[in-house]
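Colleague: Thanks for making time for this. Could we go through the model together, one question after another?

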Amino acid sequence: MVTGESVDTGPTQPDVAVVGGGPIGWAIAWRCATRGLRVVVHDPAPGSGASQVAAGMLAPVAEAYFGERELTGLLTESASRWPGFAAELTEATGVDIGYRTEGTLMVGLTADDLAEARRLWAYQQGLGLPVTPLRPSQLREREPALAPRVRGGALAATDHQVDPRRLVPALRLAAERAGAVLVAEPVRRLSEITAGVTVVAAGCGAAALTGLPVRPVKGQVLRLRAPDGAPPGFRHVIRGYADGEHVYLVPREGGEVVVGATVEERSDLEVSAGAVLRLLRAAVDLLPEIAEYDLVETTAGLRPGTPDNAPILGPLPGHPGVLVAAGHHRHGIVLTPVTADLITDLVTGGGGPEPLLAPFRPDRFDDLPGGVGVTATSSTFQPVTEVDTWN
């Protein structure tokens, strides 16, 4: 832990080494650097991971699923920080990160689709989340391009979006302007790092570095473009069920539409014809005009999943001076602000124990087969006076 002024760790040793140059890693680096700490970020290809494929939905309401109450609380808290976070980042860099606040429409194409969706909306409303049911006519008042067959839907007005392909370069620029330095080399063992505090924000790579149960979850995503570069014919993010197929459509400035995504328990990065077919068919069922758009990109990425679908945040058990900020699964973009704030507070020793962190600590996996295998008390984050050497 670094408390108060930067720790005197020698002329070349940084106070903080962040492993991973995705949105989480760069946001932590930015926050730490603005507090006067010497920060390095280790990544041979920053911004090339899951964020390059991500749609950028900031959706604590639409992503509130059964059995994930504590995660929903963290998503909601982070989403509430996004307006200020986006404004601060834009002011620091002058970069438009594509932050949009039109909200999200959740829809069901058939009666069965709508029944399934309504069960989830009822659960979300039971959590106190802002879900406003809409009749088909009300849906089409908001989005005339929706198919006449759509049976009903709901508005999640507080579910917004950002463009990850703009966000990550902006975070890097902000961090570097604040003094962070990129080391464009891979880290194969944490013993290679010399720093007061090491933060592992390496996505799926966190498993090999820490032994924590982070696994790759494949997602295939499409990018379309409206004819002649015109704006898409809809403004809201659309999330829907179409004959049992779940799909989302995210409109971007410049005519781009992101369509996704599959969820597959595999680790290859191949794009399959079947996945493209299913996603396009569901998208066209909900928004028929999509059939006239150009298909400009098909990609696959690997989300860093965990056994409970929640992120891993906090001290690595048994290894003083090592913090983990990984396992964000499908929520890495929306959780960027709160993760950066919580981890930076741990690094600097500010704010005392944070209740938000308690459900997401790494030691919650100690009892799993292959877990880190130490008691919870050993995960206390202690001040670092010399670098640990472990593999």
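Colleague: Which helices are included in what covers the buried residues of α5?

Modeller: First, a word on the ground rules: this is a predicted model, where local features need pLDDT of at least 70, side-chain atom pairs count only at pLDDT 80 or more, and totals for chains, interfaces and linings use all residues. Residues are numbered from 1 along each chain as its sequence is written, and side-chain values use heavy atoms, with hydrogens and water left out. Helices (H or I, at least four residues) and strands (E, at least two) are DSSP runs numbered from the N terminus. As for α5, the cover over its buried residues includes α1, α2 and α8 (336-348).

Colleague: Which residues of α5 are buried, and on how wide an arc do they lie?

Modeller: Buried means under 20% relative accessible area, exposed over 50% and partly exposed in between, with a 1.4 Å probe and protein chains only. In α5 the buried residues are P164, L167, V168, A170, L171, A174 and A175. They sit on the same side of α5, because the arc they cover around the axis (taken from the directions from the helix axis to the C-beta atoms) is only 165°.

Colleague: How far does α5 reach from its first C-alpha to its last?

Modeller: Helix α5 covers residues 164-177, which is 14 residues. The expected span is 1.5 Å times one less than the number of residues, and here that gives 20 Å. The reach in the model is close to that value, at 20 Å.

Colleague: What happens at the start of α5, and which residue takes a positive phi just after the helix?

Modeller: At the start, a side-chain oxygen of D163 comes within 3.0 Å of the backbone nitrogen of R165. Just after α5, a positive phi of about 120° is taken by G179.

Colleague: How many aromatic pairs are there, and which residues form one aromatic cluster?

Modeller: Rings of Phe, Tyr and Trp (its six-membered ring) pair if their centres lie within 6.5 Å; planes under 30 degrees apart count as stacked, over 60 as edge-to-face and the rest as tilted. By this rule there are 4 aromatic pairs. One of them is edge-to-face, formed by W30 and F85 at 5.7 Å centre to centre with 65° between the planes. As for the cluster, its members are W30, W82, F85 and Y99.

Colleague: Why does the pair of W30 and F85 tie together parts that are apart in sequence?

Modeller: W30 is buried at 3% relative accessibility, and F85 is buried at 2%. W30 belongs to helix α1 (residues 23-34) and F85 to helix α2 (residues 69-93), so their pair links parts whose separation in sequence is 55 residues.

Colleague: Is the pair of W82 and Y99 stacked or edge-to-face?

Modeller: W82 lies in helix α2 and Y99 in the loop between α2 and β4 (104-108), so this pair ties together parts 17 residues apart in sequence. W82 is buried at 0% relative accessibility, while Y99 is partly exposed at 23%. With 6.1 Å centre to centre and 15° between the planes, the pair of W82 and Y99 is stacked.

Colleague: Which residue lies over the face of W30?

Modeller: A charge sits over a ring if NZ of Lys or CZ of Arg is within 6 Å of the ring centre and within 35 degrees of the ring normal. At 4.7 Å from the ring centre of W30, the residue is R31.

Colleague: Is T344 buried or exposed, and which residues is it in contact with?

Modeller: T344 is in helix α8, and at 0% relative accessibility it counts as buried. Contact means heavy atoms within 4.5 Å. Leaving aside neighbours within four places in sequence, T344 is in contact with I28, R31, C32 and R35.

Colleague: Where is T306, and which side chain does it join in a polar contact?

Modeller: T306 sits in the loop between β14 (294-305) and β15 (312-315), and T306 is buried, with a relative accessible area of 0%. A polar contact is a pair of N or O atoms within 3.5 Å; within protein, one must be able to donate a hydrogen and the other to accept it, and residues adjacent in sequence count only if both atoms are side-chain atoms. At 3.1 Å, the partner of the T306 side chain is that of D308.

Colleague: How far apart in space are L357 and L342?

Modeller: L357 lies in the segment after α8 and is buried at 8% relative accessible area. Beyond its neighbours within four places in sequence, L357 is in contact with L313, L342 and L346. L357 and L342 are 15 residues apart in sequence, and their C-alpha to C-alpha distance is 7.6 Å.
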